[in-house]
Amino acid sequence: MSDPATLELLQKIDQRLERLEQKVNESEELFLNGLSIAGDAIDQKFNPEKVGGLENMEKFKKVQSLLEKLTEQENLKALETLIDNLKNLSTIVVKLQQLDNGVSMGVDAIDEFFGHAMRKGVDIEEFATNLKRFSYLLIDVFESGALADLLDSGILDTNSIETVGVLGKSMSISSEVRSSAGPTTALAALFNKDIQRTLGFALTFATHFGKTLDNKKSIKLSKN
């Protein structure tokens, strides 16, 4: 005869197994229903009898073709190289954006310049012709080596540019004066401190310029 406690334990185990089997059956039914619903949805999406289904089929074929191409060995290597250089690519993009901004600013400046010139009555066609001639002359200067001589001459030094600027302003002011001066006026002007500074500058310039001409002559003779 079996022990009552053992029988009770076996009954509890049997009941739990029945509940577990019921849960498994319910889960299986839910899973199958889910698969059925998913299958119906897929069939609906890719139904060739409908316009949308045909379009989805074409999209799926394109995706499949794309995946086949991407998984080719050469394309995979190309993708790896591209990914490795994404950091450099971002830098290039930034530089291109800066270049685009610079070009836009340049175009705006040119438009503004020509607009101002037209308002001033400047003949744009004549200006373009003269600019073209100037470009040809600049090319000739560059090819002849004269541009290098100009850069080495000191004309573009800061002091030289400032002196030329002062000279230009003085010439502009003096061009508006229409007075005459005789020997007495010139002699009296020698006591003017401004005139004395100008004469000192002219004498210093003449001395240095004379030495330079003499050096140039010596160099020319030695080459001959």
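Okay, so a search over the whole structure turns up 1 salt bridge, meaning a side-chain nitrogen of Lys or Arg within 4 Å of a carboxyl oxygen of Asp or Glu. Before going on: this is a predicted model, where local features need pLDDT of at least 70, side-chain atom pairs count only at pLDDT 80 or more, and totals for chains, interfaces and linings use all residues. Residues are numbered from 1 along each chain as its sequence is written, and side-chain values use heavy atoms, with hydrogens and water left out.

Back to the pair: the side chains of R197 and D194 meet at 2.2 Å, N to O. They sit 3 residues apart in helix 9, so about one helical turn separates them. Helices here are DSSP runs of H or I, at least four residues, numbered from the N terminus. R197 is exposed at 56% relative accessible area, while D194 is partly exposed at 45%; exposed is over 50%, buried under 20%, partly exposed in between, with a 1.4 Å probe and protein chains only.

Now the largest pocket, about 1,000 Å³. A pocket is an open set of points on a 1 Å grid where a 1.4 Å probe fits, with protein on both sides within 12 Å along at least five of seven lines; lining residues have an atom within 4 Å of a point. That gives 24 lining residues, with I155, S160, T163, F201 and F205 nearest the centre. Helix 6 (146–153), helix 7 (158–174) and helix 9 (193–223) each give two or more, and helix 9 has the largest share, 12 residues.

Technical notes:
Grid points are joined across faces, edges and corners, and a volume is the space filled by probe spheres set on the points.
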